[in-house]
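Let's take a friendly look at a protein model, one question at a time. Have the sequence and the 3D view ready.

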Amino acid sequence: MDDSLYFSEQHLATREMVRHFAQEEVAPVAKRLDAEAKFPWENIKKMGELGLLGVPWPEELGGAGLDLLSFMIVLHELAKVDASHSLTISAHTTLGTSPIVNFGTDEQKRRYVPPTVRGELIWCQGY
């Protein structure tokens, strides 16, 4: 199948970047983290640095400014290696930041969204 029929160059680049991250950073630690029931804080920070915690959010809020298909590609590529990393991004984006992006005031958006998409302010951190 020719992926270019469905994906833009940006989609393909996003997929390759996340695929590489998943293989190099997630795969080596996923089993141990699951066995120890530990949250992947180090990888969360790295995912923030890569822009994976704000894929669909506008660049002016610190997001990647990508489309929903890009977001689905990120989730899919991570889930192929470790579902918990994928679900963390999904929950962080849909439950954590989307209410602020979609319904927050401009001040709330400026205050809370940029640090969350960088991985500096995670809703469940410390619990």
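Predicted model: local features only at pLDDT ≥ 70, side-chain atom pairs only at ≥ 80, totals over all residues.

Residues are numbered from 1 along each chain as its sequence is written, and side-chain values use heavy atoms, with hydrogens and water left out.

Q: Is H85 buried or exposed?
A: H85 is found in helix α4, residues 83-103; helices are DSSP runs of H or I with at least four residues, numbered from the N terminus. Buried means under 20% relative accessible area, exposed over 50% and partly exposed in between, using a 1.4 Å probe and protein chains only. H85 has a relative accessible area of 1%, so the word for H85 is buried.

Q: Which residue's side chain does the side chain of H85 join in a polar contact?
A: Contact means heavy atoms within 4.5 Å, and leaving aside neighbours within four places in sequence, H85 is in contact with V26, L33, P40, N43, M47 and L78. A polar contact is a pair of N or O atoms within 3.5 Å; within protein, one must be able to donate a hydrogen and the other to accept it, and residues adjacent in sequence count only if both atoms are side-chain atoms. At 2.6 Å, the side-chain partner of H85 is D82.

Q: How is T94 classed by its relative accessibility?
A: T94 is also a residue of helix α4. Not counting residues up to four places away in sequence, T94 touches F71 and P99. Its relative accessibility is 37%, so T94 counts as partly exposed.

Q: How far apart are the end C-alpha atoms of α5?
A: Helix α5 covers residues 106-117, which is 12 residues. The expected span is 1.5 Å times one less than the number of residues, so α5 should span 16 Å. The model agrees, with those end atoms apart by 16 Å.

Q: How are α4 and α5 arranged relative to each other?
A: Their axes are 9 Å apart and the packing angle is about 160°. The contact is made by residues including H92 and I100 of α4 and Y112 and V113 of α5. Axes are lines fitted to C-alpha atoms, for helices over the stretch in contact, and angles run from 0 to 180 degrees between N-to-C directions. Angles over 145 degrees count as roughly antiparallel, so α4 and α5 are roughly antiparallel.

How values were computed. Helix = DSSP H or I, 4+ residues; strand = E, 2+ residues; numbered from the N terminus. Parallel < 35°, antiparallel > 145°, perpendicular 65-115°, else oblique.
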